[in-house]
Amino acid sequence: MIKTIKTIKTIKHLTKKCTTVIEKHRFITEVVSIVFIAGILFWFAQAYDAFEQLVELSRKYEEWELDEFFTLLMISAVALIAIITRNTSYLRAEMQRRMLVEEEIKRLAFYDGLTGLPNRGLCLNRLEHTLAHATRGNTMAVVMFIDLDDFKKVNDSLGHDGGDELLKQASERLSNELRTGDTLARIAGDEFVIILESLFSISDISALAERLIDKISQPFIIQKQEAYVGISVGIAIFPNDGESSQQLMKNADTAMYYAKHSGKNTFKFFSVALNKESEQKQKIARQLRKAIARNEFTLYFQPVVNVTTGAIKGAEALLRWNSFKLGNIEPSVFIPIAEEIGIITSIGEWVLFEVCKQNKRWQDLGYTTITVSVNISAKELSLRGFAKLVERTLAVTNLEAKYLGLELTETAIKKDPELSIQQLEYLSGLGVVIALDDFGKGYSSMSYLRKLQLSRIKIDRSFIQHIPHNREDTIVTNAIVTLANNLGLKITAEGIETKEQYEFIRTTLTDSAQGFYFSRAVSAEEFALLLQKGVLPPSH
């Protein structure tokens with residue numbers, strides 16, 4: 001089928017070329033004929049002294065006023081020549097104008113209006129030619145799929161004009177690293193494609209990718225301010241990674257995706273393993289969109305206990321997904337995918353409602369009142385209506401605010417600090433318990449601890465894991481506990497798994513703990529049984 005299409009295109013091209021040649025020959029023939037006829041007429045006039053005969057004829061038939069007729073005829077000829085000359089000039093100008101219009105149409109159709117680079121259509125066309133050339137020469141061709149990292153931050157801080165200026169400067173930097181025959185195209189907002197041919201080794205490709213990353217990592221001067229972005233580069237090689245332009249572009253895009261999720265500002269070569277993982281993620285994404293409607297999500301609850309008495313004082317709600325088609329999928333797998341495809345807020349809303357409803361149900365059954373915490377994503381906290389959503393959910397489920405806890409990470413706060421602080425202040429005013437999760441794992445800003453309406457911090461399990469044997473972790477944990485107490489914050493130690501860890505935490509000012517040492521996360525029905533006991537003895 002592909003060969004047939006290429007043959008048809010070749011025939012059309014040859015037909016158009018032959019038509020052009022025939023028209024050119026016809027024009028030349030007509031011009032030569034006119035000049036030849038004019039030459040014969042001039043020779044005839046000279047040979048028979050045509051001018052003298054016209055004068056004699058005019059004298060002989062004066063009553064016919066032939067002299068006036070010939071004068072009018074000459075004036076008309078001069079006027080006709082002037083008209084023809086003017087028309088020729090007009091036609092030449094019109095042809096030039098049309099050529100300019102055609103060039104502009106071509107530019108708009110095949111080139112990006114902002115950067116002047118080839119657009120997606122021309123990029124694919126050039127890739128087809130490159131692959132054809134590589135096939136004939138039995139050589140390698142390379143597609144690099146490039147995406148700017150953190151470009152949205154520049155757009156948000158400097159506006160769209162600043163973002164456009166950065167795109168232009170970035171395209172210039174990329175172009176300067178390429179050879180004359182290579183192609184750089186802008187195919188979407190902050191996505192570029194590079195087409196390379198006649199490269200000799202993988203090391204050459206890697207070296208170019210490293211140079212590109214290094215150049216883009218240098219600061220950009222936008223509106224007299226420094227701006228920083230990086231690039232994630234995905235690389236697909238012809239013919240190993242695909243024999244068609246569409247397949248190479250798809251595979252390079254897949255590799256770029258993994259480069260971006262490997263820490264950004266790096267490059268990845270496409271591989272079969274990457275492709276399989278990508279296909280698996282697509283399967284998960286398709287099923288994830290239907291999970292709420294199919295009632296496939298379940299909530300599990302891990303108890304939080306009083307360090308001194310062992311009494312259950314709270315719980316952390318944890319989401320589980322048992323897909324009808326895929327089986328049990330780990331949260332570490334499906335949560336990031338939910339964030340990527342934009343449904344994390346819908347899932348979070350479902351979790352929030354179910355947690356409030358379940359906690360209220362336990363209260364109605366007469367169990368000890370506890371605070372149940374929900375993990376909040378950066379996407380949810382960045383929604384302006386999030387605080388109002390929580391307030392409505394509490395009202396609908398008739399749950400007092402003090403029995404709902406919201407756990408968020410430093411990363412979630414940093415996405416939009418101003419909005420986060422506003423929403424958390426409002427929620428804290430309602431009585432909702434705000435906890436900073438994984439404290440100490442990232443860059444813990446003291447300014448956030450002062451401004452946020454926190455009730456509690458949770459010490460990250462990575463510090464608990466090696467205490468009391470690891471001296472550094474022990475020192476850090478003690479420092480965190482001291483800091484939190486000085487700020488008037490309550491403390492929960494996560495990941496308690498051994499008696500030694502539990503005994504160490506009891507010597508500190510930590511008031512609560514959770515971990516496998518007390519109980520794994522259990523279903524709502526099993527958690528109700530734990531609430532009946534009220535106190536959790538160590539499970540080890």
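How many bridges join strand β6 to β7, and in what setting does this pair of strands lie?

Modeller: Before the answer, a word on the basis: this is a predicted model, in which local features need pLDDT of at least 70 and side-chain atom pairs count only at pLDDT 80 or more, while totals for chains, interfaces and linings use all residues. Residues are numbered from 1 along each chain as its sequence is written, and side-chain values use heavy atoms, with hydrogens and water left out.

Strand β6, which covers residues 230-238, is joined to β7 by three bridges, and the two strands run parallel. Here helices (H or I, at least four residues) and strands (E, at least two residues) are DSSP runs numbered from the N terminus, and two strands count as paired if DSSP finds at least two bridges between them. Within this pair, isoleucine 235 has phenylalanine 269 of β7 as its bridge partner.

The two strands belong to an open sheet of five strands with mixed pairing, in the order β2-β3-β1-β6-β7. Its edges are β2 (183-186) and β7 (267-269), each of which pairs on one side only. On average, and with direction ignored, neighbouring strands of the sheet are turned by 20 degrees against each other; axes are lines fitted to C-alpha atoms, for helices over the stretch in contact, and angles run from 0 to 180 degrees between N-to-C directions.

Two helices lie across strands of this sheet. Helix α4 (residues 120-137) lies across β1 (141-149), β2, β3 (191-197) and β6, and runs at about 20 degrees to β3. Helix α5 (residues 151-176), for its part, lies across β1, β2 and β3, running at about 155 degrees to β1.

Proline 239 has its place in the loop between β6 and α7 (245-260). The loop between α7 and β7 then holds lysine 264, which has a positive phi of about 65 degrees although it is not a glycine. Lysine 264 is partly exposed, its relative accessible area being 37%, where buried means under 20%, exposed over 50% and partly exposed in between, for a 1.4 Å probe and protein chains only.

For the wider setting, one can turn to the nonpolar cores, each a set of buried Ala, Val, Leu, Ile, Met, Phe, Trp, Tyr and Cys residues joined through side-chain atoms within 4.5 Å. The largest has 80 residues, of which Leu404, Leu406 and Phe527 touch the most other members. Helix α10 (residues 344-364) gives the largest share of this core, eight residues. Apart from it lies another core, of 33 residues, which includes Ala170, Leu184, Ala209 and Val229.

Methods: Contact means heavy atoms within 4.5 Å.
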